[in-house]
Amino acid sequence: MARDLGELNREDFARYKDDVKKEGKSFFPRALFHDTVMSLVVVCVIVALAAIWYFDADGVKSGILGPWYTEPADPATTSFVPRPDWYFYFLFYLLRIFKWPETVFIATVGIPTIALILLIGLPFYDRRRERRPSRRPVAMVAAVLTVLSMAVLTWKGATAKEALGSELVAFVPEWAQEQGFADDPQAVKGAELFAQSGCLNCHTYLGQGAGNLGAPDLSSIGQTNEATYFVRYLTNPAAFGNTVMGSYAYLGQENLDALGAFLAASKGG
Amino acid sequence: MAKKSKRGTLVETAVLAPLDWVDERTAAVRGTKWFLFRNVPRDISWAQTLGSATLTAFIVQTLTGVILAMYYEPSSSINPTTGKPVAYSSIEAITNDLTLGWLVRGMHRWGASVFIILLFLHMGRVFLFGAYKYPRELTWITGVFILVTGMLLGFTGYLLPWDQTAYWATVVGINLNGTAPFLGPWLAQFLATGPEIGSETLAKWYSLHMLVLPGAIIGLIGVHIYLVTRLGVVSPPWSGERAGRERAEAAPTGARAGLVRGGTSGGGK
Ligand code: HEM
């Protein structure tokens with residue numbers, strides 16, 4: 001009675017081949033006709049999207065489908081909010097869930113790797129011969145949960161707000177007041193750079209910023225070290241075991257010194 | 001042998017003979033016939049056009065990509081006439097000056113999103129139909145690799161316009177790679193090419209985007225479609241006349257057809 005799975009599978013497939021041969025229809029032209037209709041729809045959708053995108057926007061001025069391009073890349077004034085293409089939003093948002101440095105790699109590597117292994121392995125752990133959705137409740141529930149969580153993560157990623165550098169600069173006087181460095185022009189300049197250089201896409205400072213990727217709050221960082229240390233840190237974070245933060249060496253020595261002065265002056269409001 | 005008409009002889013020498021000549025050496029004609037004149041289940045549904053629709057979106061990407069590559073220049077150095085990075089200026093020129101350049105670029109840009117969406121829809125259809133089960137496991141696995149390669153294509157293409165969006169998304173992306181244990185920092189170093197993201201990075205990503213990854217994905221698509229043709233596509237699993245359905249032993253033909261169809265259970269394929 002208990003015949004082995006391989007045998008049953010091969011029988012099923014032999015019967016499938018037989019049925020297709022006897023009862024099937026020819027791929028050309030009958031199935032190909034449906035394929036062609038669908039393909040034409042796809043091409044029309046692509047052309048329509050391109051046209052809406054082009055005619056609704058104008059240069060860097062955004063239409064409903066975004067601008068033609070944003071300003072040229074500029075590593076020095078990093079007042080720009082990084083945003084990947086929409087199909088990476090779910091990853092982007094995962095990163096905000098795993099905030100602590102020790103856990104960042106769960107989001108960047110761990111979860112995607114597990115998801116991939118689960119996907120590749122699917123035919124090997126789901127070995128039942130049953131194909132009807134109504135009789136595969138576990139698979140269907142798992143699929144619905146996957147789709148829902150991807151949708152929620154994508155949606156959250158799409159609507160996640162990050163303050164623009166230009167808006168953050170407005171907080172500099174407030175910071176200077178609270179931290180008491182208002183009469184130190186170098187620290188004030190550092191604070192402006194800090195607001196504009198995207199630091200707050202990861203860090204938080206006196207209630208501003210994102211708290212992303214495990215970056216710590218810097219409001220009272222000045223209590224831990226002095227300016228020269230921070231300059232060295234920013235020049236090469238990797239040397240301090242920080243592989244999340246990129247090097248800010250490109251800002252130039254003068255700007256780095258200003259940032260260092262600002263960080264050292266941030267003793268906590 | 002019946003005597004041939006004049007027209008028949010002409011067709012024979014001008015078309016059929018060369019085809020035979022090629023077929024004798026390559027089996028190309030036999031191969032094409034094998035592909036086109038095979039039978040597919042008679043009850044296949046519209047959902048099963050999603051695979052070929054994905055292929056169409058990919059072909060759109062290839063054609064528009066080839067045209068873009070003729071005008072795009074992967075360099076971040078400053079173009080002396082525009083005062084903007086060369087890559088950025090070439091994108092501007094394609095969008096604004098080149099005849100129908102906006103359409104080509106727009107189709108490539110939006111085609112990428114459509115392609116990714118279709119990939120997921122097609123995968124969802126395969127999952128719903130349980131079509132990843134025996135003997136189509138490898139078709140599924142090549143599909144998963146296609147999905148990953150497709151997303152990498154999107155990721156590498158995103159940098160190329162060299163605008164702020166592109167640049168900052170990429171900086172974050174590279175830093176994220178850096179968080180992976182062991183290989184992470186090395187990978188980040190490789191992707192960024194040096195301490196700063198600049199021309200060398202751009203050249204490397206360009207070659208990944210237009211040579212390495214398309215090469216890989218075209219190979220994978222080839223294997224995928226070969227497997228689909230060889231193994232055939234499944235019937236919708238809920239279809240009463242699905243190919244490979246189980247029949248009650250020695251069922252009297254005709255008379256009790258309804259009973260026979262409704263009464264089968266288990267792994268109907
Ligand atoms: C460039 C991307 C892809 C192309 C061009 C492509 C093309 C196709 C085509 C033309 C078919 C025939 C049936 C149909 O259209 O549904 C097919 C079937 C199939 N595809 Fe794909 N596919 C792609 C990606 C994927 C992905 C991402 C997966 C899953 C991870 C996948 C898994 C499968 C499986 C298992 C079948 C067999 C289904 C059956 O027998 O009913 N494919 N593919």
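This is a predicted model: local features need pLDDT of at least 70, side-chain atom pairs count only at pLDDT 80 or more; totals for chains, interfaces and linings use all residues.
Let's start with the metal. The iron atom of the ligand takes its protein donors from chain B: the NE2 atoms of His122(B) and His224(B), which sit 1.9 to 2.1 Å from the iron. Helix α5 (residues 101-128) of chain B carries His122(B), while His224(B) belongs to helix α9 (residues 199-231) of chain B, so the two histidines tie together parts that are 102 residues apart in sequence. As for geometry, the iron has six donor atoms, and with angles of 85 to 179° among them the site is octahedral. For comparison, ideal angles for six octahedral donors are 90 or 180 degrees.

Staying in chain B, have a look at helix α1 (residues 6-26) and helix α2 (residues 28-36): their axes are 6 Å apart and the packing angle is about 90°. That makes α1(B) roughly perpendicular to α2(B). On the α1(B) side, the residues in contact are Leu19(B), Val22(B), Asp23(B), Glu24(B) and Thr26(B), and they meet Ala28(B), Val29(B) and Arg30(B) of α2(B).

Over in chain A, the domain assignment gives domain 1 (17-71), domain 2 (86-159) and domain 3 (166-265). Taken over C-alpha atoms, the centres of domain 2 of chain A and domain 3 of chain A are separated by 36 Å.

Conventions. Residues are numbered from 1 along each chain as its sequence is written. Chains are lettered from A and ligands numbered from 1 in the order in which they are written. Side-chain values use heavy atoms; hydrogens and water are left out. Donors are N, O and S atoms within 2.8 Å of the metal (3.2 Å for Na, K and Ca); water is not among the atoms, so sites may look incomplete. Four donors count as tetrahedral if all angles lie between 85 and 135 degrees; four count as square planar and six as octahedral if opposite donors are over 155 degrees apart and all others between 65 and 115; anything else is irregular. Helices (H or I, at least four residues) and strands (E, at least two) are DSSP runs, numbered from the N terminus. Domain bounds come from an automatic or database domain assignment. Axes are lines fitted to C-alpha atoms, for helices over the stretch in contact, and angles run from 0 to 180 degrees between N-to-C directions. Angles under 35 degrees count as roughly parallel, over 145 as roughly antiparallel, 65 to 115 as roughly perpendicular and the rest as oblique. Contact means heavy atoms within 4.5 Å.
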